[in-house]
Amino acid sequence: MNNARQLLTWSLSFILILVFSITAMKSCTRIDAGHEGILVKLYGTDKGVQDVNLVTGRVWYNPFTEEVFQFPTFVQTVDYPAFTVNAKDGSVFTVDPTISFRVSPGESPRIFSKYRKDIELITKTTLFNYTRDAFRIQFNLYTTDSIISNRQTFEDKVQIALDKALRKEGFELEQMTSGLQYPDEIVRAVNLKNRAVQQALQVENELKVAEAQARKKIVEAEAEARANELRQRTLTPLLIQQQFIEKWDGKTPLYGNSPTFFKNVQ
């Protein structure tokens, strides 16, 4: 009988030790580098997020009444699906945004307390909604022409508005690209305009070449005329006879029916 009691006592002790060991193993976690840990009360009057930021390191907690979540604080990049928005004058633009953001230091508990979601789900839902609203609001303030003419200014204002909205929620916007795509009719109009400009430039260049060639011919003709005039002025009979004598081969040339030494050049 005593042996049975001792065995039972030993078994219960072993079970308690085993449970305690398992509990102790589960009641300790380590917060990874680049993360913030938050301790969540699951039961009781203190249920919710404690007003404590758990930094990187080892954290002890009660696994039966508490839970530890980790929020990344490093920069994350997300490529959202494309969506359409209307400009002030009704034109439909397509936006395919990509944003880079991070959780502001110390803001993890407040973010989790408000949304009760992990960072991945918050990124896909809440942050996407803020991104879409930032574009929608700015598009409603701009006409099609002003967006095309001032695209960089427009995108800067979208980024400023989005950063302001995210900071209120505990996030910081690092970078944003819009992936803005113009309406098809605008693209066609721009292509036609560019083609017309290119053709006009081509015609203008051809005219310049033709004018240059005409001027060249005029200059050449004027130069030739002046040269001929100069030759005519200097080409006297005496000069011709002198050049003839210099080049004469000693034979008397014949001009007409009788030998003549000099030909009349008048």
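The questions and answers below go from the whole chain to single residues.

User: What should I know before reading any value?

Analyst: This is a predicted model, in which local features need pLDDT of at least 70, side-chain atom pairs count only at pLDDT 80 or more, and totals for chains, interfaces and linings use all residues. Residues are numbered from 1 along each chain as its sequence is written, and side-chain values use heavy atoms, with hydrogens and water left out.

User: How many helices and strands are there, and what makes a run count as one?

Analyst: The chain has seven helices and twelve strands. Both are DSSP runs, numbered from the N terminus: helices are H or I with at least four residues, strands are E with at least two.

User: What share of the residues is buried, and what does the word mean?

Analyst: Of the 266 residues in the chain, 27% are buried. Buried means under 20% relative accessible area, exposed means over 50%, and partly exposed lies in between (1.4 Å probe, protein chains only).

User: What is the accessible surface of the chain?

Analyst: It comes to about 18500 Å², and carbon and sulfur atoms hold 55% of that. The areas come from the Shrake-Rupley method with a 1.4 Å probe; for residues, only the protein chains shown count as cover.

User: What share of the contacts joins residues 24 or more positions apart?

Analyst: The share is 68%, taken over contacts with a separation of 6 or more. A contact means heavy atoms within 4.5 Å.

User: Why is strand S2 called largely enclosed?

Analyst: S2 covers residues 35-41, and six of its seven residues are buried, so the rest of the structure largely encloses it.

User: How do you know that S2 pairs with strand S5?

Analyst: Two strands pair if DSSP finds at least two bridges between them. Seven bridges join S2 to S5 (residues 66-72), and the two run antiparallel. Ile 38 has Phe 69 in S5 as its bridge partner.

User: Which strands pair with S9?

Analyst: Strand S6 (residues 76-79) pairs with S9 (residues 98-103) over four bridges, in the antiparallel sense. There, Val 78 stands opposite Ile 99. Strand S10 (residues 171-177) also pairs with S9 in the antiparallel sense, over six bridges. Thr 98 has Thr 177 in S10 as its bridge partner.

User: What makes a group of residues a nonpolar core?

Analyst: The members are buried Ala, Val, Leu, Ile, Met, Phe, Trp, Tyr and Cys residues, joined through side-chain atoms within 4.5 Å. The largest such core here has 33 residues; Phe 71, Ile 99, Phe 139, Ile 147 and Phe 171 touch the most other members. Helix H3 gives the largest share, seven residues. In soluble globular proteins, nonpolar side chains tend to be buried together.

User: Which residues does Ile 99 touch?

Analyst: Among them are Val 78, Thr 131, Leu 162 and Leu 173, with residues up to four places away in sequence left out.

User: How do you know that Arg 102 and Glu 174 form a salt bridge?

Analyst: A salt bridge needs a side-chain nitrogen of Lys or Arg within 4 Å of a carboxyl oxygen of Asp or Glu. The N to O distance for Arg 102 and Glu 174 is 3.1 Å, so the pair qualifies. Arg 102 is in S9 and Glu 174 in S10, 72 residues apart. Arg 102, at 23% relative accessibility, is partly exposed. Glu 174, at 39%, is also partly exposed.

User: What makes the phi of Arg 116 worth noting?

Analyst: Arg 116 has a positive phi of about 55° although it is not a glycine. Most residues other than glycine have a negative phi. Arg 116 sits in the loop between H2 and H3. Its relative accessible area is 44%, so Arg 116 is partly exposed.
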